[in-house]
Amino acid sequence: MTTGPSPQAGGSATRNPREADGTVRVLVADDHSAIRFGLTTILGHAEGIEVVGEAADGAAAIRQARALRPDVTLMDVRMPGTDGIAATRELVSAGLTQVLVLTTFDLDEYVHGALRAGAAGFLLKSVEAPRLIEAVKLVAAGDGVLAPQVTRRLLTAFAAAARQETPAPRGLGDLTEREREVLGCLGEGLSNAQIGTRLHIGETTVKTHVSRVLAKLDLRSRVQAAILAQENGLTGADLRKGS
């Protein structure tokens, strides 16, 4: 699933060094030095990416992000002290950086916890190097990513929850017709470019609509918006069926 940054979730809310030369600045947070070395080696040799810092735990990741303001923080989940989910929640709520969670474990509690905390994506450490590089660039550009291994299970779980709890999301009634269309497209996992093509609008306009949707629904990331759309039957396909 490729799923823009919220007004409060992402380094671009306060600064955007990518506007200068297009380089994506990345912070790598993992408590295993060998894994950090491997990740920094892969990303450090990738065109258009610069690894600006490393952190061995969540607390260090927060400090580094405040000091370095990376575009993307690659975050492990299980770390001593402040874990990756708690660190993600603080980083996203402070608007310091986009967070891409990378973990060995695809347990539901980790997936749900990371996305509820506002992570822009979730990948397993078994991901191939080209996909990791692509995911970092997608997240930096305002899209989101989910590992194929967990996408179907995740949506099934949230759909089941939606059948049990069906209150209308707060702020949904405040969306314009166009914003509801954009929300539906997010629910289908479309990227900004794909939404623009679907709705015949420019990508910059799409980003504006996504930001407004997130603000009105009080969400931290477009992945959360995609989940909400899935939970409430608001995907583009569902909306077209009802028209």
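Let's start at the second largest pocket: helix 5 (108-116) and helix 11 (222-231) each put at least two residues into its lining. Helix 11 is the biggest giver here, with four residues. This is a predicted model, so keep that in mind as you look around.

How much space lies in the second largest pocket? About 240 Å³. Its lining is made up of 12 residues, and those closest to the centre are R116, D218, L219, Q224 and L228. Sort the lining by class and you get six nonpolar residues, five charged ones and one polar one.

Helix 2 (residues 33-44) and helix 6 (residues 129-140) have axes that come within 10 Å and cross at roughly 75°. Angles from 65 to 115 degrees count as roughly perpendicular, which means helix 2 is roughly perpendicular to helix 6. On the helix 2 side, the contact is made by L39, I42 and L43; helix 6 answers with A129, L132, I133 and V136. By class, that contact has seven nonpolar residues, with no polar and no charged ones.

The chain averages a pLDDT of 80, and 77% of the residues score at least 70. Over residues 1-19, though, the pLDDT is below 50, even though this stretch has 76 contacts in the model beyond near neighbours in sequence. Residues 238-243 are also below 50, and that stretch has six such contacts.

Conventions. Residues are numbered from 1 along each chain as its sequence is written. This is a predicted model: local features need pLDDT of at least 70, side-chain atom pairs count only at pLDDT 80 or more; totals for chains, interfaces and linings use all residues. Side-chain values use heavy atoms; hydrogens and water are left out. On a 1 Å grid over the protein atoms alone, a cavity is a set of points where a 1.4 Å probe fits but cannot get out, and a pocket is an open set with protein on both sides within 12 Å along at least five of seven lines; lining residues have an atom within 4 Å of a point. Grid points are joined across faces, edges and corners, and a volume is the space filled by probe spheres set on the points. Ala, Val, Leu, Ile, Met, Phe, Trp, Tyr, Cys and Pro count as nonpolar, Asp, Glu, Lys and Arg as charged, and the others, Gly among them, as polar. Axes are lines fitted to C-alpha atoms, for helices over the stretch in contact, and angles run from 0 to 180 degrees between N-to-C directions. Angles under 35 degrees count as roughly parallel, over 145 as roughly antiparallel, 65 to 115 as roughly perpendicular and the rest as oblique. Contact means heavy atoms within 4.5 Å. pLDDT is the predictor's confidence in each residue, from 0 to 100.
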